[in-house]
Each structure stands twice: as structure tokens, then as C-alpha cells.
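Biologist: I would like to learn how to read a few features of a model. Could you take me through them one by one?

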Amino acid sequence: MSDPLYTLTDVQHIYGTRTVLRIPSLTIQPGEIFTLVGPSGAGKSTLLRLLALLEAPSRGQVSLCLNGRQVTYNSASTGDRRQLAMVFQRPALLSRNVRANVGYGLRVRGQQDRRAQIDAALKRVSLSHLAKARPRTLSGGEAQRVAVARALILEPQVLLLDEPTANLDPFNVRLIENLVREQHDLYGSTIVLVTHNIFQARRLATRIAFLLDGQLIETASAEAFFATPQDQRTAAFVSGELIY
Amino acid sequence: MVRSLHVTASALVISAIIGIPGGTWLALARFPGKRIATAIIYTGMGLPPVVVGLVVYLFLSHSGPLGNLGWLFTVRAMVVAQVIIATPLIVGVTMSSVLGVDPALRPQLRALGATRWQATRAILLEARFGVIVGLVAGFGSIISEVGAVMLVGGNIDGRTRVLTTAVVLETRQGHFAFALALGVILLALSFVANLVMVSGQGKLAEPS
């Protein structure tokens, strides 16, 4: 087995006086569709922000192996960070048009000729007809597809997705799930997906981690996670029982 | 008229150079005492110009700590007073405009590979309409200002007399028609300057 892409060691994350995340150990392998599931407030989005190197853990270490080097929040260069792209649950778009939003990541990388890539990315998310539209005129699904397109266009080594289909209709859910699968299968990106939707986890994941109250309850292959959950809380979550 | 514009434009440029980055930093940075700093800026937005003039006068007077500069009763002293009046306004309005931008946007841009500077620049562009309003407010507060420039400039004919101080002088001498004419010129100047700044709002949008 190759070196893990992510290695988390004794990670704790604290907001104010509240410990929102406590993960003694976790690894994510390159090429996985690693899915974080759990109820709201379990710490999934917080963990994703740590994996995206947007925040440093309060304690412990989140280490990412890029081109044979271990990088952390403190040691990651701009070039390292540009191997990652994250899509947030709520698409925060610039007030400029859709084309400018999709091309933003390329522009900050100093790429001059972006037209063909933007056209291709818009085509992938079926938004070519809205290239000149302003974000305020888009539906929720269209805005989220713009957010996905501006991450996909970067062909990231790691794509992090925070509930990318929350509150979307079935058409948009299927479209985004297909894009995630395509990004993994055709472009070789490692995907880390946060979802509270166990059906989506079953459709997409190669491995699943179950978080509850900031703690990692169980990590298993997608098949084993659903077929033979080891922890009774995981079994309860998989069976659809509410856990609070 | 030229001197009025010169003093105001100089003060506005200096205030903008301090105020726009200052307001942006104040909005985005997290540091102890941020609330106190914000309260100080808001207090500064309501500084009585005549008090500013008095303090600048005391600092620049011969016995003051900066008296050796020899700036009292010069255009430089007037610019200093106006910078002190306009800067808190530009800082305060820039800060509230930047705070008005979706707080999720900055981490999202960072997560797409933007450096801190690139993300901040994008946020500032999103807040550009508010920033222009800050400049307009700063401009308005100093082009019409009379108390401070009278105190520190001295209203010396040919050297530090500007439109507002000339209006005061002409009114005191009973030349009401002339004073009124100067007032109309001042108003026209202000209108044209604001028109230029408002036009700039639309031109700041970036291409794709």
C-alpha cells in the first residue's frame, strides 16, 4: 500500500472552550472517495476545513503527503495548497458573472488563456448557456454547479466537498454525484466528501468514516460499513435511527 | 478654487492610502482589542473639525512638539488636519463594506488557491461600492470643511485661502453676492468630483 495522503495524529480542535473534534488517528489513502458521515454538528465540516489546510488543529497534527513531502497547515506553500480544492456547502460566489467565477482559480494561478478550460468546465456542469449570468439570477442548484465547476477546472489532486448536494433537487444531486465520480475515475483525484446522506455515501464512497459528537466512531470500507458495522451507534445511524 | 481642489485631493489621496487598507484589515483581522479599535474609529468619524484644527494647531505651533517643521499656516498643515478628519470616515465605511461581504467567500477563495492577498483583493472588489461611498463621504467632509483649515491655515490670501474660508471672509465683509457665488462654485466642484467617483464604481469590475 502506498503512503497515506493524509495522516492525522492526536488531533483536537477547540472553538472557545468547546472541543468540537477529537481524532486520535486517521489516514486517508490516495485515490479514495473517502466519505465522512454523521449527524449535524458531528464535526464533519470542521474536519474537512482541517484537511483543506484552511485551519490548523488546536492540538495534534494534520499532515498531507504531496509529491513525497509531508506538509501541514504551517508548512504548506501556496503551490502545495493549490493541489487542493474545496467546495463549500453554500456556494459563496463572486458577484461577477458565471464565467469569471469558474475561471477564478485559474486566474489566481496566473493562467492567461482560460477560455477553452472555462468553456469545457461549464459544459461539464451543463451551464454553458449561463456563462454570462450573474450569480444573483441563478437557482440554488445552478449556483452549486458553478461552485463545483470552479473546483473541477483546477484538476486538483485532492477535491474536498462539504455537503455539495444539500438542499438540491434529484436532478442536480445526480449531476453532481456523476461529476464527483468522473473526477475520481477519469482524473484520478482523491475525493473527501462530507454528507449526512447515507444513501449518497453508499452510492459514492470507497471508504466511510462515521463521526459523532466530534469523535470518530468507526472507519470501514463502504461495503463493510453498511453490511457489518462494528459499533452499535454506527448500526443505528446506518439503519436510519436518529442519534442525538 | 485650484487650491481648494489641491488641498482636498491631496488629503483624500493620503486618507485613502491609509483608510482603505486600514478598514479592510480591521474588518478581516482577528486581534484582542478589536472592539475598542472599532469604537475609536467610529468616534473618529464624528470628530469635530474645529477640535482637530485646534489640536493640529497646538502640535504645529512654535512651542508645539512639531513646531520645528514650520508647517503652521501652510497648505501642509491644512492637508494634515483634513487627513485626520477624513481617514476615520474612510476606515469606518470601508470596514463596514468589507464586513458586508459574505464571510464564507474568503475561505472559499483561499480553498481555490488564492493567496491571502489575492483573496483580500477580491473581497475588497466585492465591497467596492461601499468603499467608493467612503471616499465620497471623506471628500464631502473635507471639501466643505472650514473650522480646521481656518485655524491651521490662517486664511492667508494667495497662500492658504480656500473656497470655504473665502466664503467666511466675504460674508463677514458683507459681500454676500460674491460669497454666494463662491458657494455655488464649491457645490459644483463637489458635484463633479462625486460624479467622477461614482462613475468609477462601475469601472472597477474585473474581466473574467
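Modeller: Gladly! Let us start with a loop: Ser126(A) sits in the one between α5 and α6 of chain A. Helices (H or I, at least four residues) and strands (E, at least two) are DSSP runs, numbered from the N terminus. This is a predicted model, where local features need pLDDT of at least 70 and side-chain atom pairs count only at pLDDT 80 or more, while totals for chains, interfaces and linings use all residues. Residues are numbered from 1 along each chain as its sequence is written, and chains are lettered from A and ligands numbered from 1 in the order in which they are written.

Biologist: What is the phi of Ser126(A) near?

Modeller: Phi of Ser126(A) is near 55°, a positive value in a residue other than glycine. Asp213(A) has a positive phi too, near 50°, and belongs to the loop between β9 (207–212) and β10 (215–221) of chain A.

Biologist: Which residues of helix α5 of chain A are buried?

Modeller: In α5 (residues 115–124) of chain A, the buried ones are Ile118(A), Ala121(A) and Leu122(A). They span an arc of only 100° around the axis, which puts them on the same side of α5(A); the arc is that of the directions from the helix axis to the C-beta atoms. Ala116(A) and Lys123(A) are exposed on the other side of α5(A).

Biologist: What do the buried residues of α5(A) pack against?

Modeller: Their partners are α3 and α6 of chain A. Two residues are in contact if their C-beta atoms, placed from the backbone, lie within 7 Å.

Biologist: How do I read the packing of two helices?

Modeller: Two packed helices are described by the angle between their axes and the distance between the axes. Axes are lines fitted to C-alpha atoms, for helices over the stretch in contact, and angles run from 0 to 180 degrees between N-to-C directions. In chain B, α2 (residues 34–45) and α4 (residues 75–99) pack at about 125°, with their axes 8 Å apart. α2(B) and α4(B) are therefore oblique to each other (angles under 35 degrees count as roughly parallel, over 145 as roughly antiparallel, 65 to 115 as roughly perpendicular and the rest as oblique).

Biologist: Which residues make that contact?

Modeller: α2(B) brings Ile41(B), Tyr42(B), Gly44(B) and Met45(B), and α4(B) brings Pro88(B), Leu89(B), Val91(B) and Gly92(B).

Terms used. A residue is buried if 20 or more other C-beta atoms lie within 10 Å of its own, exposed if 12 or fewer, and partly exposed in between; C-beta atoms are placed from the backbone.
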